[in-house]
Amino acid sequence: MSLQELKYFPFEVLDAYLYLLHKQPVITKSVTSAAIGALGDIIYQFATKKDLARNISYRSIASFIGCGILVTGPMTHHFFILLDKLVPRRSKFGPVKRLLIDRLLFAPVYLLVLLYVRCVLEGLSHRAAKRRIIRTYLPILKMSFRVWTVAQYINLNHVPQQYRVLFANVISLGWNVYMAAMRWDSSNK
């Protein structure tokens, strides 16, 4: 690839992404969520492990990929569509209602499903998954309210519906590093 061709490469990738987003929205959002989730876990592992070559947890990375494909992509895609039908942006108090529905109804359920699926994908039994969720759910939910409230207000009220999962994925890169830290911290207890 020449330097001239390289200059246009990001635009070609963006065009391909937008095309796929239009043709296969759930699959595209799921794969994007999986990639961002895995990247967050990889960043955490690189930042915290001394001998990464021998200690990298492929199962943890796979669980983030699985959650992106099975949970994050599909759930958020369908939630955003439903939310637009239930509470139009321009309705009276629409922006606040949308945020409250997201933060108080969707986020707690989504987080619980996400944590459980991640535990199962990591190979934990139902009992072990339940124990980990009991230890980590409330601290993660509280942090979610701190981190995601402003981001979701912007996302739900100013980002076009087809780009909301992508916007959330960009924010979630840092969030996934935090989630990986919580996963590793809870597995060491």
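**A chain built from helices**

Read along the sequence, the protein chain runs α-α-α-α-α-α-α. That comes to 7 helices and 0 strands, where helices (H or I, at least four residues) and strands (E, at least two) are DSSP runs numbered from the N terminus. The radius of gyration of the chain is 18 Å, close to the 16 Å that the globule rule gives for 189 residues, so the chain is as compact as a globular protein of that length. Here the radius is taken over C-alpha atoms, and the globule rule is 2.2 Å times the number of residues to the power 0.38. This is a predicted model, in which local features need pLDDT of at least 70 and side-chain atom pairs count only at pLDDT 80 or more, while totals for chains, interfaces and linings use all residues. Residues are numbered from 1 along each chain as its sequence is written, and side-chain values use heavy atoms, with hydrogens and water left out.

Along the principal axes, the C-alpha atoms of the protein chain fill a box of roughly 50 × 45 × 25 Å. Of the 189 residues, 43% are buried; buried means under 20% relative accessible area, exposed means over 50%, and partly exposed is in between (1.4 Å probe, protein chains only).

Now for the helices themselves. Helix 1 covers residues 3–23, and its 21 residues should span 30 Å at 1.5 Å a residue; the end C-alpha atoms are 31 Å apart, which agrees. The expected span is 1.5 Å times one less than the number of residues. Helix 1 also has a kink of about 40 degrees at Phe9, shortly before the proline Pro10. A bend like this is the angle between axes fitted to the seven residues ending at a residue and the seven starting there.

Helix 6 tells another story. With 33 residues, a straight helix would span 48 Å at 1.5 Å a residue, yet helix 6 spans only 39 Å between its end C-alpha atoms. There is a bend of about 45 degrees at Trp148 in helix 6.

Helix 5 has a kink as well, of about 45 degrees at Phe106, shortly before the proline Pro108. After helix 5 comes Gly123, with a positive phi near 95 degrees. The phi of Phe93 is near 60 degrees, a positive value in a residue other than glycine.

Phe93 is exposed, with a relative accessible area of 56%. Together with Val96, Leu100, Leu104 and Leu105, Phe93 makes a nonpolar surface patch of about 530 Å². Patches are made of residues with over 30% relative accessible area and no salt bridge, with like charges joined within 9 Å and nonpolar side chains (Val, Leu, Ile, Met, Phe, Trp, Tyr) within 5 Å. The areas come from the Shrake-Rupley method with a 1.4 Å probe, and for residues only the protein chains shown count as cover. Leu100, one of the patch members, belongs to helix 5 (residues 94–121) and counts as partly exposed at 45% relative accessibility. Ile101 is in helix 5 too, and is partly exposed at 21%.

What about charges? Side chains of opposite charge can pair when their charged atoms come close. The structure holds 4 salt bridges, each a side-chain nitrogen of Lys or Arg within 4 Å of a carboxyl oxygen of Asp or Glu. In one of them, the side chains of Arg164 and Asp84 meet at 3.0 Å, N to O. Arg164 lies in helix 7 (residues 164–187) and Asp84 in helix 4, so the pair ties together parts that are 80 residues apart in sequence. Arg164 is buried, at 0% relative accessibility, whereas Asp84 is partly exposed at 25%. Asp84 and Arg164 are also linked with Arg98 in a network of salt bridges.

Another salt bridge joins Arg132 and Glu122 at 2.5 Å, N to O. Arg132 lies in helix 6 (residues 126–158) and Glu122 in the loop between helix 5 and helix 6, so this pair ties together parts that are 10 residues apart in sequence. Both Arg132 and Glu122 are buried. Arg103 and Asp102 also meet in a salt bridge, at 2.8 Å, N to O, and these two residues are buried.
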